[in-house]
Amino acid sequence: MNTSKLSRREFLSYAGITTSGLLLGCSTITSTPSTLPKFVEIIDNTPQRLNIFVAIKPDNTVEIVSHRAEMGQGSKTGIPQIIADELEANWANVKVIQGLGDKGYGDQNTDGSTSIRKFYDKLREIGASARTMLEQAAADYWKVSVDTVYAKDNYVVNKNSGGKLSYGDLAELASKKPLPTVESLKYKTAADFNYIGKPIPIVDLNDMVTGKTIYGIDVELPNLLIASIERCPVLHGTVKSFDATQALKIPGVVDVIEMPVTPETVLYFPLSGVAVLATNTWAALQGRKALSIAWELGKNKTHSSKVAFDQFKSRLKNDPETVAKKGDVAKGFSASANVIEAEYLVPYLAHTPMEPPMATAWFHDDLCEVWACVQNPQAVMEQGAAMMKLDAAKFKVHTTLLGGGFGRKSKTDFANEAIYLADKTKRPVKVVWSREDDIRSSYYHAGSVQRMKAGIDHSGKITSWQQQAVYPSIASTFNSKANSPQDFELSLGFGDLPYDIDNVLMQKATAEAPVRIGWMRSVCNIQHAFALNCFIDELAHVANVPTVDFMINSLGKDRNINHKETYGFAFSNYGETLEKHPYSIDRYKSVLNTLTANAPINEMLPKGQGWGVAVHRSFVSYVAVATKVEVLNNKLTVKEIHCAIDCGLGINPDRIKAQMEGAMIFGTSIALMGNIDIKDGVIVQSNFHDYPVTRMNQAPDIIVHLAYDKNKDPGGVGEPGVPPVAPSIANAVFAATGKRYRELPLNQYFTV
Amino acid sequence: MIKLNVNDVDHNVDAPDDMPILWVLRDLLKYKGTKFGCGLGQCGACTVHINGQAVRSCITPVGVAHNAKITTIEGINDKGEHPIQIAWKENNVPQCGYCQSGQIMSALSLLDKNTNPTDEDIQEHMSGNICRCGTYPRIKKAIKEAAAVLVTQAGAKS
């Protein structure tokens with residue numbers, strides 16, 4: 001084969017290029033902030049159409065930006081996999097670059113299981129666009145039509161001569177090509193995919209096993225101060241006075257600074273408190289212990305979550321507000337043979353990522369540079385700008401790797417703390433959160449109460465259904481007046497009821513937020529899927545029908561549901577259209593069938609053991625879970641979990657499997673041990689001894705069944721595994737013991 | 001001044017005796033591979049070896065480690081070619097990766113004492129190391145694979 005290897009000089013003279021490096025830039029956003037890295041400025045003059053950037057170096061390295069945060073879900077590998085595939089890059093030549101915070105990339109808030117499902121089409125566009133420009137450059141060089149060339153494996157090949165040009169050689173010439181129109185792009189067929197659908201190892205794997213990865217806690221700068229902050233233990237409490245004399249005596253302590261007062265609407269602003277700044281972490285922690293602070297604890301100082309749950313129950317009974325309805329439930333109940341009622345409770349929860357929140361900020365050269373383990377670098381820019389009354393363009397935000405996120409690190413209050421202190425000290429400051437800080441000053445998953453009531457007829461058909469939910473809203477974080485579950489929360493497994501029932505009534509009640517409320521992995525699906533799946537299991541036992549059969553019967557005909565038309569419920573469908581991601585009853589049944597085909601849920605079991613099942617659609621993916629438990633001498637053991645997932649086209653099957661394994665263990669933590677209590681306005685728990693999470697000796701055997709249809713658009717993966725876990729465990733406990741446990745966590749009843 | 005040997009390099013550090021080794025390593029000597037997770041010895045993210053024993057460096061004051069030989073994740077194999085690192089990679093163990101330094105250091109101390117650990121041995125030894133991502137099933141598998149390789153290597157040497 002004739003491989004023509006152009007020298008760099010030949011190429012430059014041919015192309016008339018004197019600058020170095022090729023950069024193909026793509027953005028749908030027309031304005032580009034001035035704080036972008038240099039390479040983006042180069043493309044400022046070109047039409048911007050897509051979101052993510054491809055850069056090719058003369059040495060044939062393909063730099064691909066991953067614009068989303070990596071916290072273990074694998075998108076830092078999955079995103080480049082998609083681009084590299086359409087780009088016909090050789091994976092060995094790909095270098096992944098973590099994108100800075102920049103609206104040009106589109107949404108960077110790495111939550112909602114969106115990194116793949118919301119960007120798959122765009123990422124392919126970006127890859128195909130870059131490939132087209134390289135092909136055009138080669139065609140121009142050879143003076144042949146572009147149809148005569150094709151890209152393969154980091155080269156463009158001339159079909160006539162068999163000659164090859166490397167991407168590295170073509171880079172500069174290609175960079176001068178106009179961006180092709182989206183309509184003109186040709187995409188690969190699924191049969192030709194090199195990387196999409198393949199279990200590519202994560203890009204940081206080697207660094208992770210050699211201790212070289214950089215997380216938020218690992219950021220180092222010259223002259224860096226470490227800050228540890230004593231925050232008011234009660235939300236909206238303030239510092240009355242403080243004495244820093246003893247703290248300042250600790251060797252290494254440099255400064256003590258009062259934090260600004262928590263605003264009424266908390267947003268991601270700092271909490272009231274006092275920061276101790278030192279030259280090392282230990283000194284900062286010791287200095288903090290030596291502080292003497294008098295607090296004004298404020299309006300939440302008498303709040304008790306236990307008392308609030310009783311209030312929730314009475315509000316649902318006495319003062320419910322209708323959210324959606326269909327038919328006439330009262331008539332349905334009176335016509336039914338059996339009416340069953342149950343009440344479920346899921347407590348407040350905290351995320352506890354292994355790396356607590358960490359952020360470093362530094363004002364220099366007329367900008368504020370931030371390095372932090374944040375899920376949303378643009379939030380750092382916006383909320384930092386709002387707090388400092390600066391332009392968001394003054395913030396340059398580097399997303400480090402995250403030692404877990406689970407939603408906690410979408411709330412960038414810790415970055416605002418660092419920004420505040422960096423401004424006060426005029427030095428780089430790293431704010432380090434202890435585990436106690438993390439558990440006591442979180443944005444909590446809200447504690448909830450749900451009441452369920454159903455009528456079933458003699459044939460075991462559900463004739464009437466009333467469901468009620470109450471919990472403090474995430475919206476309260478962004479608007480202090482919001483005090484009941486919002487439609488976007490009820491769209492997470494409550495208003496989007498899959499079962500085919502003639503009479504339905506959905507209601508909610510009010511709940512004030514005594515702490516900051518946030519989203520945690522799978523969000524309100526946690527409580528909604530728990531109540532729904534536990535209650536369905538209860539009904540199945542009353543109807544004396546195996547639970548999976550009862551589910552499939554009750555789901556009704558294969559169909560797509562439009563909840564707006566059916567119940568008048570404003571279902572948000574995870575920000576997707578129903579055309580692209582229908583609410584499909586077929587797919588519910590399909591994951592249940594995959595589950596029962598693989599998990600031995602009908603096996604004969606010794607006394608004290610039982611299987612439980614649950615199924616749930618969230619983040620437009622479908623997951624069914626079957627769990628086997630054993631209860632012996634009041635010790636509950638989760639022995640085995642099977643999980644079937646249909647997430648549409650899977651980009652990296654090994655990471656999907658890993659996410660399911662992780663979700664089973666995360667869900668097990670919720671079911672067995674997850675519990676945050678609020679007493680006198682203060683979070684009772686503080687570290688892993690009183691907020692335990694699943695350890696290896698509690699982790700069940702996990703078998704994942706990938707049941708996805710490659711022809712369906714990709715759905716979410718990071719979160720959908722979590723919701724069915726807790727109800728499958730509770731249902732298994734019923735199968736094992738004959739007793740219903742409707743309040744989580746289960747360690748209040750059993751040793752775990 | 002406290003004299004320490006970290007990964008075969010001698011250091012003299014100016015630290016108060018009560019400063020935990022974790023912060024000596026991270027803040028004073030800039031060995032960042034060892035992680036902070038809880039500060040109470042409950043999660044294992046900070047596990048290092050001191051004179052061959054796995055310890056939780058977040059609760060071990062440096063004052064007890066005068067002249068000690070400390071091994072951190074950076075001292076296992078810089079290229080990631082130790083059998084335990086290879087097993088970790090072959091099983092694609094990490095998700096976020098944050099706890100994995102501690103997991104690997106704990107796993108090594110298990111394999112040091114027990115060349116052929118059962119599931120129960122692994123569970124018992126590793127239950128002090130929390131992984132919130134839930135990589136336990138793969139850690140178990142990787143430890144068994146590494147054990148097999150280490151036994152073969154030891155056999156080849158003898």
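Strands here are DSSP runs (E) of at least two residues, numbered from the N terminus. With that in hand, welcome to a quick tour of a predicted model. Chain A has a mean pLDDT of 93, with 93% of its residues at 70 or more.

**Confidence**
- One stretch of chain A to treat with care is residues 1–51, where pLDDT stays under 50.
- The model still has 115 contacts beyond four places in sequence for residues 1–51 of chain A.
- Where pLDDT is low, the predicted coordinates should not be read in detail.

**Strand 8 and its partners**
- Strand 8 of chain A covers residues 225–231, and six of these seven residues are buried, so the strand is largely enclosed by the rest of the structure.
- Strand 11 (residues 273–278) of chain A pairs with strand 8 in the antiparallel sense, over six bridges.
- Strand 18 (residues 429–432) of chain A pairs with strand 8 in the parallel sense, over three bridges.
- Ala227(A) has Leu277(A) as its bridge partner in strand 11, and it stands opposite Val431(A) in strand 18.

**Ile462(A) in strand 20**
- You will find Ile462(A) in strand 20 of chain A, which runs over residues 462–470.
- Its relative accessibility is 3%, so Ile462(A) counts as buried, the cut-off being under 20%.
- Leaving aside residues up to four places away in sequence, Ile462(A) touches Ala454(A), Gly455(A), Ile456(A), Ile501(A), Ile536(A), Leu539(A), Phe550(A) and Ser554(A).
- Asn338(A) lies 124 residues from Ile462(A) along the chain, and their C-alpha atoms are separated by 9.6 Å.

Methods
Residues numbered from 1 in each chain as written. Chains lettered and ligands numbered in written order. Predicted model: local features only at pLDDT ≥ 70, side-chain atom pairs only at ≥ 80, totals over all residues. Heavy atoms only, no water. Buried < 20%, exposed > 50% of the residue type's maximum accessible area, 1.4 Å probe, protein only. Helix = DSSP H or I, 4+ residues; strand = E, 2+ residues; numbered from the N terminus. Pairing = 2+ DSSP bridges. pLDDT = per-residue confidence, 0-100. Contact = heavy atoms within 4.5 Å.
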